[in-house]
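Please open the two-chain model in your viewer and keep a selection panel at hand. The tour below moves from one selection to the next and says what is there.

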Amino acid sequence: MTLVMPQVDQLILDDKEKIVRDLKKFTNPINIISDLEGITPYETDALSAYKQKPMAVVLPENTREVSDILKYCNEKNIKVVPRGAGTGLSGGALPLADCVLLGLGKFNKILEIDFENRCVVTQPGVTNLALTKAVEHKDFYYAPDPSSQIACSIGGNIAENSGGVHSLKYGTTTNNVLGVEFVLMDGTIMRFGGKKIESEGYDLLGLITGSEGLLGVVTEVTVKILKKPQSIKALLLGFQKVEESGQCVSDIISGGIIPAGMEVMDKPLIKATDDYSKAGYPRDVDAILIVELDGTESEVNVLIKKVEEIAKKNKATYLRISKNDDERLRFWSGRKVAFPAVGSISPDYLCMDGTIPRKKLPEVLKEITRLSNKYGLRVANCFHAGDGNLHPLIMFDSNIRSELKKAEQFGADILKYCVKSGGVLTGEHGVGIEKRDLMCEMFNDEDIQQQLNIKEAFDKNSLLNPGKVYPLLHRCAEGGKMHVHKDNNKFKDIPRF
Amino acid sequence: MSEIYSPSSENDISNFIRESHEQATPIEIIGQNTRPIGRLIQCSKTLQLKNLNGIIEYFPEELYIKVKAATSLGLVEAELDKRDQELAFEPADLGFLYNGKSNKGSVGGAVSCNLSGSRRFKSGALRDHILGFQGVNGKGEIVKSGGTVVKNVTGYDVSKLIAGSYGTLVALTEIVLKVQPKNEESQTLLINNINLKKALNIFSKAMQTSVEISGACFYPEKSLNFFKLNDLDISTSITALRIEGPKISVIERVNTLKKLFDEYKKTMSVLENYQSRIFWKNTTDLEFFNNTESVVIKIILPSVNTGQFINQFENEELRYVVDWAGNLTWIAIPQNDSVLLRQLRKAALALNGHMTIIKAPNHVRIREDFLTTVDDNIRVLSLKIKESFDPKKILNPGKMYSGI
């Protein structure tokens with residue numbers, strides 16, 4: 001599909017050689033890449049249906065360099081697209097033809113581990129998982145765990161406000177970050193928050209978390225770390241009807257239990273994931289529900305018993321409690337390979353990311369089935385049931401000409417229905433370019449204009465990551481979705497769920 | 001005398017602000033007018049939101065409540081209580097501080113001040129529990145952000161910006177708050193007669209375990225007379241650790257802590273559920289400062305710096321309480337001691353913290369900065385953000401900073 005992006009500034013492109021020369025003044029010249037071969041790896045992120053080579057790539061090594069480069073680009077009216085690990089699913093790091101792509105890959109060091117204040121100060125290019133690895137010898141961990149955590153960077157997590165399967169109990173990135181060093185488009189270096197628990201004045205840290213690289217560039221991050229729970233156990237439950245699994249989820253929460261994680265998969269996905277991972281899921285059910293509980297040993301046992309009762313009341317026909325950590329991880333093993341499993345049964349798929357009120361799950365799934373019949377495309381669903389985050393995986397074959405378009409329309413219809421059901425367009429993947437043109441489903445012109453005004457306060461000339469998140473023309477058209485061909489996912493080895 | 005306008009619909013508010021915007025007339029926004037907080041401002045018009053009240057929807061199983069902005073916080077908490085739920089950030093009842101009697105004020109007021117109770121270091125601040133809002137900006141436009149679901153990254157998280165903005169960006173009309181199941185059991189481990197330094201060590205040590213304490217405060221000697229609890233020994237200083245959750249787990253975790261702090265076993269005791277809840281309510285509600293004539297300030301520091309901070313003022317005989325596991329210190333000082341006030345602010349800054357004035361007589365509110373921010377870049381950006389909502393700076397102008 002065609003995606004309207006900001007107009008290319010031909011004068012800038014004509015000036016490319018001089019710009020590249022100038023950029024070499026701000027950092028080691030080897031950090032500037034402008035040849036075709038060198039820039040090609042940066043032409044897309046994990047929303048690989050969309051590709052665009054940038055004018056040049058810059059890989060600065062410190063905050064001063066980031067500041068100098070941004071200041072220069074701001075003065076010369078050059079667009080800048082920041083990029084972390086490039087694992088984003090909504091095209092937030094898609095370059096523009098006339099942009100300088102600012103890669104933060106060289107910001108890859110953990111600066112300080114402070115167990116006494118229970119925080120870690122790190123550069124933004126460090127991966128999410130590396131933070132936990134750095135503190136786990138003392139039984140600490142960093143709570144948000146997006147599924148791409150082995151590859152995604154903490155700076156990218158801040159840009160997207162990444163979640164994960166444990167966000168119901170432990171919150172998303174925004175609830176776990178204490179401070180950042182942040183460079184504005186005009187080169188101003190700022191600090192929001194720090195090791196102290198909170199700051200005063202406007203909550204700038206809260207505002208920039210999840211701002212998808214539109215407000216500034218993160219150059220240092222302070223996150224809080226938590227002590228690992230004493231005990232973790234999980235239940236694997238099977239239901240004959242999806243409705244029953246949905247009701248079970250509602251009853252668990254109404255019963256005053258906040259599990260560490262709760263995941264639902266529907267029948268097509270159970271089959272695909274079980275074939276793929278041999279997780280040992282029951283095959284004679286319409287839905288499975290994984291419930292993970294943590295706390296002290298006896299607390300977990302009490303909670304397991306309560307969930308067991310609730311599950312029986314909701315006619316669970318399959319019930320298994322993990323006896324040890326290996327078994328618990330096996331429950332998860334199928335769920336964690338949901339995306340590649342679907343990739344193995346379909347040439348292509350689109351991954352959607354809406355959030356709905358939990359109780360609307362059966363209704364939304366019914367609508368998805370109706371749409372699946374209408375479009376003649378198969379779909380499998382996984383659902384972060386605890387926080388209402390739904391990931392329908394729409395299967396299609398891009399070799400059949402009309403199918404990508406059909407799949408994209410199908411996806412857009414699902415997201416519109418999520419909003420109609422009281423939910424939102426995106427729970428954790430971000431708006432990026434993918435859902436940009438659906439923003440009017442949730443917001444009116446005044447809402448969007450207010451957000452654009454905030455953008456202007458940070459970036460007067462709208463040069464930082466333009467064309468993302470907010471519709472260019474304030475119109476509601478259908479956007480593209482994450483598209484994976486023959487499971488040629490850019491980072492095939494990263495789990496997605 | 002300011003002209004008071006009390007509209008009962010969002011549209012009326014929008015029209016009122018639009019008109020004020022055209023005429024560039026400054027407006028002071030008040031909810032139930034229970035928190036005289038922020039810089040003292042004088043506006044020719046007052047927008048009172050008290051008629052905008054009522055619960056719009058409450059879905060316990062969806063863990064949220066949506067209310068009109070001036071809905072009484074007490075009413076919301078009573079409604080949640082019926083379903084064994086609560087606001088996990090423990091909003092304070094500052095009525096005791098300001099008037100000597102309970103008055104929780106409105107939800108909008110609480111959001112505007114972003115004040116959170118003793119559980120803050122574990123469960124987050126109010127800003128972590130606001131899912132969405134609707135309000136009227138300084139041009140009279142009705143704007144919204146967020147939604148009713150926890151996981152939502154659609155557009156900027158403007159709700160966070162609104163929390164703690166003291167009515168300088170929008171006049172709030174609707175608010176969605178996340179709610180949580182109530183803890184089945186609350187117990188408090190008390191250690192009497194140890195000094196602040198030891199108390200801070202205890203907090204730190206407890207936080208290094210997986211016991212998950214949800215309250216950690218220190219009351220110095222002679223500061224506890226206001227407590228009316230049978231099992232609380234108020235003759236010496238108190239170091240308190242709260243443990244909440246299912247009863248069986250609470251008992252276990254209290255025992256773990258008892259073992260961990262075995263060296264203090266002679267002065268150790270436990271407040272059971274009922275008294276434990278009252279202890280923390282009294283603490284969160286700042287009853288220690290009940291209707292005080294003094295200036296009350298809030299100091300936030302990295303917890304490891306709190307001991308050093310208090311030591312600097314040991315000759316001043318400060319009235320203080322340390323909460324949030326050492327991250328927060330409440331201090332009361334005499335009304336006219338502006339030298340000390342400024343010294344405290346300077347010392348907090350030097351230790352990477354800040355000071356906020358929470359209660360002060362009008363002459364102090366006029367003379368002294370409300371917030372501490374000294375960073376020029378933050379000030380410039382804050383002004384731009386203010387103008388992005390309110391270009392003529394008519395909503396609570398100067399409430400946070402002079403000129404913003």
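**The interface between the chains**

Begin by selecting both chains: 72 residues of chain A are in contact with 69 residues of chain B, where contact means that the C-beta atoms of two residues, placed from the backbone, lie within 7 Å. Before going further, note that this is a predicted model, in which local features need pLDDT of at least 70 and side-chain atom pairs count only at pLDDT 80 or more, while totals for chains, interfaces and linings use all residues. Residues are numbered from 1 along each chain as its sequence is written, and chains are lettered from A and ligands numbered from 1 in the order in which they are written.

On the side of chain A that touches chain B, the elements that give two or more residues are α7 (167–170), α8 (204–208), α9 (242–254), α11 (297–313) and α16 (445–458) of chain A; helices here are DSSP runs of H or I with at least four residues, strands are runs of E with at least two, and both are numbered from the N terminus. The most is given by α16(A), with eight residues. By class, this side of chain A has 21 nonpolar, 33 polar and 18 charged residues, with Ala, Val, Leu, Ile, Met, Phe, Trp, Tyr, Cys and Pro counted as nonpolar, Asp, Glu, Lys and Arg as charged, and the others, Gly among them, as polar.

Select α16(A) together with helix α13 (residues 376–389) of chain B, whose axes come within 9 Å and cross at roughly 155°. Axes are lines fitted to C-alpha atoms, for helices over the stretch in contact, and angles run from 0 to 180 degrees between N-to-C directions. The crossing angle makes α16(A) roughly antiparallel to α13(B), a label for angles over 145 degrees, as against roughly parallel under 35, roughly perpendicular from 65 to 115 and oblique for the rest. To see which residues make the contact, show Q450(A), N453(A), I454(A), E456(A) and A457(A) of α16(A) with L381(B), K384(B), I385(B), S388(B) and F389(B) of α13(B). By class, this contact has five nonpolar, three polar and two charged residues.

Next, select α11(A) and helix α8 (residues 247–260) of chain B, which pack at an angle of about 175° with their axes 8 Å apart. That angle makes α11(A) roughly antiparallel to α8(B). Here S298(A), E299(A) and V302(A) in α11(A) meet I248(B), S249(B) and E252(B) in α8(B), and by class the contact has two nonpolar, two polar and two charged residues.

**Sheet and hairpin in chain B**

The pairing of β2(B) with strand β3 (residues 45–48) of chain B is parallel and runs over four bridges, and the bridge partner of I29(B) in β3(B) is L47(B).

Move on to strand β4 (residues 55–59) and strand β5 (residues 64–68) of chain B, which run antiparallel and are joined by four bridges. Y58(B) stands opposite I65(B) in β5(B). The hairpin has four residues between the strands, and L63(B) takes a positive phi near 60°.

Select L87(B), in the loop between β6 (85–86) and α3 (95–99) of chain B. Is L87(B) buried or exposed? With 23 C-beta neighbours inside 10 Å, L87(B) counts as buried, the cut-offs being 20 or more other C-beta atoms within 10 Å for buried, 12 or fewer for exposed and partly exposed in between, with C-beta atoms placed from the backbone. Leaving aside neighbours within four places in sequence, L87(B) is in contact with E77(B), L80(B), H129(B), L177(B) and V179(B).

Then go to N193(B), in the loop between β11 (185–192) and α7 (196–207) of chain B. Its phi is near 60°, a positive value in a residue other than glycine, and with 15 C-beta neighbours inside 10 Å N193(B) counts as partly exposed.

Finish at A325(B), in the loop between β16 (319–323) and β17 (328–333) of chain B, where phi is near 55°, a positive value in a residue other than glycine. With 28 C-beta neighbours inside 10 Å, A325(B) counts as buried.

Methods. Pairing = 2+ DSSP bridges.
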